[in-house]
Amino acid sequence: MRAHRCNWIGCRELVPQGDKFCPIHQVANDKQREHYQQELSQSLAGTRKARHDNQVAQQKYDSQVRDQDATAFYHSKHWVKLSKWVKVKQGYTSKVSGKILNDSDCQVDHIIKRSLLPKEQWYDQDNLWLISRHEHSIKTAIENKMIRDGKSNVLKHLDKHWWLKVIREKLEDK
């Protein structure tokens, strides 16, 4: 019968060809494997739960909060093609900070808020620019505050230069 040394580091016990460990170290290896599998399943369970919770929250947001017309617009073939074209044309460079953005950080944004424009101007390339997610959230917060304060007419007349100045100021404050 052929034999080899136990695979446990430092053990010199001979074991049969089909086995990996001697009887003492086989028990220790089984306990280590069991402990590892428990930790792995707990970490994966937490990940699955977190993913599930995020998915439920997103579905709730989509169905109860998000404007359905906006969702349809931003998922339309025309918008998806146009936004890809704007990203390429502007070289994935933020018009506010001048930084090169990765695809997940890019936001093609309407300079004048889409909801304030007539439908025929929604795809106007002169009203689109590329900014980062963070810059976009700053701009959106300012727009929402102005709308709450009853200044939506003013929003229709704000140009790219005004937005550049204001967003840069906000970024410097932080």
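This is a predicted model: local features need pLDDT of at least 70, side-chain atom pairs count only at pLDDT 80 or more; totals for chains, interfaces and linings use all residues.
Colleague: What N to O distance joins the side chains of E143 and K139?

Modeller: The pair forms a salt bridge, that is, a side-chain nitrogen of Lys or Arg within 4 Å of a carboxyl oxygen of Asp or Glu. The two residues sit four apart in helix α4 (residues 133–148), so about one helical turn separates them. Helices (H or I, at least four residues) and strands (E, at least two) are DSSP runs, numbered from the N terminus. From N to O, the E143–K139 distance is 2.6 Å.

Colleague: Which residues are linked with K139 and E143 in a network of salt bridges?

Modeller: K139 and E143 meet each other in a salt bridge. The network that holds them also takes in D109 and K113.

Colleague: What span does α4 reach from its first C-alpha to its last?

Modeller: α4 has 16 residues. The expected span is 1.5 Å times one less than the number of residues. The value reached is close to that expectation: 22 Å.

Colleague: What arc do the buried residues of α4 cover around the axis?

Modeller: The buried residues in α4 are E135, I138, K139, I142, E143 and M146. They lie on the same side of α4, because their arc, taken from the directions from the helix axis to the C-beta atoms, is only 130°.

Colleague: Which residue just after α4 takes a positive phi?

Modeller: α4 covers residues 133–148. The positive phi just after α4 is about 80°, and the residue is G150.

Colleague: How far apart are the closest N and O atoms of D149 and K145?

Modeller: D149 is partly exposed at 45% relative accessibility. K145 is partly exposed at 46%. Their salt bridge brings the closest N and O atoms to 3.0 Å.

Colleague: How many residues apart in sequence are the parts that K87 and D103 tie together?

Modeller: The side chains of K87 and D103 meet in a salt bridge of 3.5 Å, N to O. K87 lies in helix α3 (residues 77–89) and D103 in the loop between α3 and β3 (106–110), so the parts tied together are apart in sequence by 16 residues.

Colleague: What relative accessibility does D103 have?

Modeller: K87 is buried, at 13%. K87 touches Y92, C106, V108 and L130 as well as D103, residues up to four places away not being counted. D103 counts as partly exposed, at 49%.

Colleague: What distance separates the C-alpha atoms of E13 and G98?

Modeller: E13 sits in the loop between β1 (3–5) and β2 (14–16). Its relative accessible area is 45%, so E13 is partly exposed. E13 and G98 are 85 residues apart along the chain, and their C-alpha atoms are separated by 66 Å.

Terms used. Residues are numbered from 1 along each chain as its sequence is written. Side-chain values use heavy atoms; hydrogens and water are left out. Buried means under 20% relative accessible area, exposed over 50%, partly exposed in between (1.4 Å probe, protein chains only). Contact means heavy atoms within 4.5 Å.
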